[in-house]
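Subject: Structure handover

Hello,

Here is the structure I said I would pass on. Please open it first, then read the notes below it.

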Amino acid sequence: MAPVVSGFSKLSKSDKINWLIEHHFNNDQNTVDILKTYWNSDKKLQQLHDEFTENTISNYYLPFSVAPNFLINDKRFTIPMAIEESSVVAAASKAAKFWQNRGGFKAEVLSTVKVGQVHFTYTGDNKKLKTFFESTKASLIASASHITKNMEKRGGGVLDIELRDKSSEIENYYQLHCTFNTVDAMGANFINSCLEQFADYLMKSAITYDDFTDEEKDIEIIMSILSNYVPECLVKAYVSCPIKDLPDVGALSSLQYAEKFVRAVQIAKIEPYRAVTHNKGIMNGIDAVVLATGNDFRAIEAGAHAYASKDGKYTSLTDATIENDVFSFSIQLPLALGTVGGLTTLHPLVKLALHLLENPNAKKLMEITAVAGLAQNFAAINSLITTGIQQGHMKMHLMNILNQFQATNEEKEQLVEYFKTNTVTHSEVVYQIEKLRG
Ligand code: MEV
């Protein structure tokens, strides 16, 4: 077991590595070499990455890919995706190609409201608290003007503050439920700064409020923090086409295909075990765009899954219908994304990704990202109800297996050719490699 270390963050990068290899890797120099292989030779760029977080010792690469041919609201996009899972980008590209000849994807932002809360306790008459809040609300909002003035210039700011009485659930517990428009910023720092200001002002104003007893003056702030649950920061994306334009695959006619597709979505609507995997597939597409564009995928994940259970039961984020011989497929979910601030101007690849998308504002990025999720879900269901998922998945995974066995380029070429017409399974790939190598 490694010893307790203090002041680790203050050590130089090479001393951190020395400590690691001494205590965790038996002084193996190969470990140092691996870490250094991933250092960038451009010292400035490396320093930038080192300074993103604490205790950085190397860089962790993910493939940065692109999925072309996305027609969204009649405009063509090539979507950047950062993801390691072999089949995701191929699936997105395939869905994009399929829908570009059927009117493309449509998308619209339904709302852009972000949320933050000040959680506090107040002991006393709740009617008096309400009166106090109402008389203080305007100055409470104004107290943050030094933080909000730039956001207001850009068209955003504080939308409202509500006092919420939660004392029936936890004794003496209340909230300031605050809503914000953060325009093109994800806005976490802006929201948290406003909330901390509101908390401070609330606490101090209570002390000088004459109608409060001493006990009532003593408001205790528990915490002030934004919420990643943003059901009012919603985007919708959809596709539709006449049933006759859907594929007739194998034994399935176009109508049977549409019906089977709708049935698959219905299953995800009512069965949480399926819904979680169904939504995971959606998030394959969404997270990849969120990461490539420098946004916070954990926030997006948390918000999306919470939204999927907003009615008390976890369900599908997509919907599919057949009406008047038309097949429609849609997604609706919250996406609190930003295109300014954070990593967007710092990380060169993020800048490049945003450039590729023609420097979208936050709303446009919400639309593009929702489309990536819908496309991913379309591709997954298409495979699931026709060939099964493994055929495409294993084809894309083939290269990983070959790399695992350190196949040479020549071996790769021969085996990729062989598996164009043969089913990829792990054991079959191993067998074929061994056969090639005699
Ligand atoms: C795999 O990463 C994602 C899928 O399982 C999604 C789904 O089942 O819908 C293929």
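Where is the place of His347? His347 sits in the loop between β10 (326–334) and α12 (348–356). Please keep in mind that this is a predicted model.

Is His347 buried or partly exposed? The relative accessibility of His347 is 16%, and buried means under 20%, so His347 counts as buried. Setting aside neighbours within four places in sequence, His347 is in contact with His49 and Phe52.

Next is Met366, which belongs to helix α13 (residues 362–385). Met366 has 2% relative accessibility and therefore counts as buried as well. With neighbours within four places in sequence left out, the contacts of Met366 are Val109, Ser111, Cys233, Leu234, Val235, Leu335 and Leu337. Met366 and Lys236 are 130 residues apart along the chain, and 8.9 Å separates their C-alpha atoms.

Tyr229 lies in another loop, the one between β7 (220–227) and β8 (234–242). Here the relative accessibility is 32%, so Tyr229 counts as partly exposed; that class runs between the 20% and 50% limits. Beyond neighbours within four places in sequence, Tyr229 is in contact with Val115, Gly303, Ala306, Tyr307 and Lys310. Between Tyr229 and Phe70 there are 28 Å from C-alpha to C-alpha, and the two residues are 159 residues apart in sequence.

Now to the surface. Which residues form a nonpolar patch there? The patch is made of Ile34, Tyr38 and Tyr61, and together they have about 320 Å² of accessible area. Of these, Tyr38 is found in the loop between α2 (29–37) and α3 (43–50). Tyr38 is partly exposed because its relative accessible area is 34%, a value that lies between 20% and 50%.

The last item is a pair of helices. At what angle do helix α14 (residues 389–404) and helix α15 (residues 409–418) pack? The angle is about 145°, and the axes of the two helices are 11 Å apart. The crossing of α14 past α15 is right-handed. Which residues meet across this pair? From α14 come Leu398, Met399, Leu402 and Asn403, and from α15 come Lys412, Leu415 and Val416.

To find these places in the viewer, start with the loop that holds His347, go on to Met366 in α13, and end with α14 and α15.

Regards

Definitions and conventions: Residues numbered from 1 in each chain as written. Predicted model: local features only at pLDDT ≥ 70, side-chain atom pairs only at ≥ 80, totals over all residues. Heavy atoms only, no water. Patch = residues over 30% accessible without salt bridge, like charges linked within 9 Å, V, L, I, M, F, W, Y side chains within 5 Å. Areas by Shrake-Rupley, 256 points an atom, 1.4 Å probe, with all protein chains shown as cover. Salt bridge = Lys/Arg side-chain N within 4 Å of Asp/Glu carboxyl O. Helix = DSSP H or I, 4+ residues; strand = E, 2+ residues; numbered from the N terminus. Buried < 20%, exposed > 50% of the residue type's maximum accessible area, 1.4 Å probe, protein only. Axes fitted to C-alpha atoms, helices over the stretch in contact; angles between N-to-C directions. Left-handed = near helix turned anticlockwise from the far one by under 90°. Contact = heavy atoms within 4.5 Å.
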